[in-house]
Amino acid sequence: MRLGVLDVGSNTVHLLVVDAHPGARPIPTASHKSVLRLMRYLDADGAIRDEGVAAILTAVGEASEAAREAGIEELLAFATSAIREAANGEEVLARVADETGVELQVLSGDDEARLTFLAVRRWYGWSAGRILLFDIGGGSLELAQGVDEVPDVARSLPLGAGRSTIEFLPDDPPSADQVANLREHARAVLAAAVAPFRELPSPEHVVGSSKTIRSLARLAGTVEEGVGSSDRSILTRRGLDDWTPRLAKIPADARPALPGITADRTFQIVAGAVVLSEAMRAFDVDELEVSPWALREGLILRRLDRLSE
């Protein structure tokens, strides 16, 4: 069947169209993306302002039309932290449904972590053993660890790259004090979250997913030979920490000239680097491997699993 997955996130509205059936690898056939950066549209009360709501409606409407043109049989549409936590989130969801016909499912942070973990487990297989996952979105950082397809522990923290940029790095480029304040904040939030993970056996494979981590790996990581035709993208904490202060000194509009830094992530890539560095430090991780699959693939896999029940 041809499935569409519509991800209304904190930074983008992204439609992925795949051909898939139970037992087979989903094959991407089309993609449509709009950059939103919803964190810019929050007012002092945490509500999405009118211009932000209008941007959501336009992006979802365009993605819905692209899905119809692609001939999808089913649309899996979901929203994450920006709408989930907005003071007027329910109102925004109702307007999206009324004006575009798209019913958005709101995922909890823990659901995001579990679905991303499912995708990562399927990508690497059982031979990867116990996996520790880091996933950085625009609004939240997801953490998960386990040896099966359902993680033993899954947590979502308010340390997304977009949120952290808006709250701690208002200047472009940010000052050294601003970066240090974000680092201190991330360290404190992570310190309070690691306890349940400490009770688990040590991970055998550490994985990072999300566009932010993929971008950082292209900039500061290395590529190694993998199984079949796929290469392995590896990011070390040392390489990340070497690049972060340099990134922080470059204005956002100049960062896309660097390898891996795309225009839709350039404004928040410094915050993503700081948060990832502190997450790796909190879990005493020296390096991670970057997964091509993440949340959208997890939703597809879960839907296909239910078809075969």
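Visitor: Why is Phe283 called buried?

Guide: This is a predicted model, and in it Phe283 has a relative accessible area of 10%. Buried means under 20%. Phe283 is therefore buried.

Visitor: What makes Phe197 count as buried?

Guide: The cut-off again. Phe197 has 4% relative accessibility. The limit is under 20%, so Phe197 counts as buried.

Visitor: Why is the pair of Phe197 and Phe283 called edge-to-face?

Guide: Two values decide. The ring centres lie 5.1 Å apart, and rings pair if their centres lie within 6.5 Å. The planes stand at 85°, and planes over 60 degrees apart count as edge-to-face. The label edge-to-face therefore applies to Phe197 and Phe283.

Visitor: How do you know that this pair links distant parts of the chain?

Guide: Look at the positions. Phe197 is in helix 7, residues 195-198. Phe283 is in the loop between helix 10 and strand 12. The two are 86 residues apart.

Visitor: Which residues do ring pairs link into a cluster?

Guide: Phe134, Phe197 and Phe283. A search of the whole structure finds 3 aromatic pairs.

Visitor: What makes helix 10 mostly covered?

Guide: Of its 14 residues, 13 are buried. Helix 10 covers residues 269-282 and lies across strands 6, 7, 11 and 12. Its direction is at about 160° to strand 6.

Visitor: How do you know that the span of helix 10 is close to the expected one?

Guide: Helix 10 reaches 20 Å from its first C-alpha to its last. The expected value, at 1.5 Å a residue, is 20 Å. Just after helix 10, Asp284 takes a positive phi of about 55°.

Visitor: Why do strands 8 and 10 count as edges of the sheet?

Guide: The 7 strands form an open sheet in the order 8-7-6-9-12-11-10, with mixed pairing. Strand 8 (153-157) and strand 10 (222-225) each have a single partner strand, so one side of each is left without a neighbour in the sheet. On average, neighbouring strands of this sheet are turned by 25° against each other, direction ignored.

Visitor: How do you know that strands 6 and 9 pair?

Guide: Two strands pair if at least two bridges are found between them. Strand 6 (131-136) and strand 9 (205-209) have 5 bridges, in the parallel sense. They therefore pair. Ile131 stands opposite His205 in strand 9.

Notes:
Residues are numbered from 1 along each chain as its sequence is written. This is a predicted model: local features need pLDDT of at least 70, side-chain atom pairs count only at pLDDT 80 or more; totals for chains, interfaces and linings use all residues. Side-chain values use heavy atoms; hydrogens and water are left out. Helices (H or I, at least four residues) and strands (E, at least two) are DSSP runs, numbered from the N terminus. Axes are lines fitted to C-alpha atoms, for helices over the stretch in contact, and angles run from 0 to 180 degrees between N-to-C directions. Contact means heavy atoms within 4.5 Å. Rings of Phe, Tyr and Trp (its six-membered ring) pair if their centres lie within 6.5 Å; planes under 30 degrees apart count as stacked, over 60 as edge-to-face and the rest as tilted. Buried means under 20% relative accessible area, exposed over 50%, partly exposed in between (1.4 Å probe, protein chains only). The expected span of a helix is 1.5 Å times one less than its number of residues.
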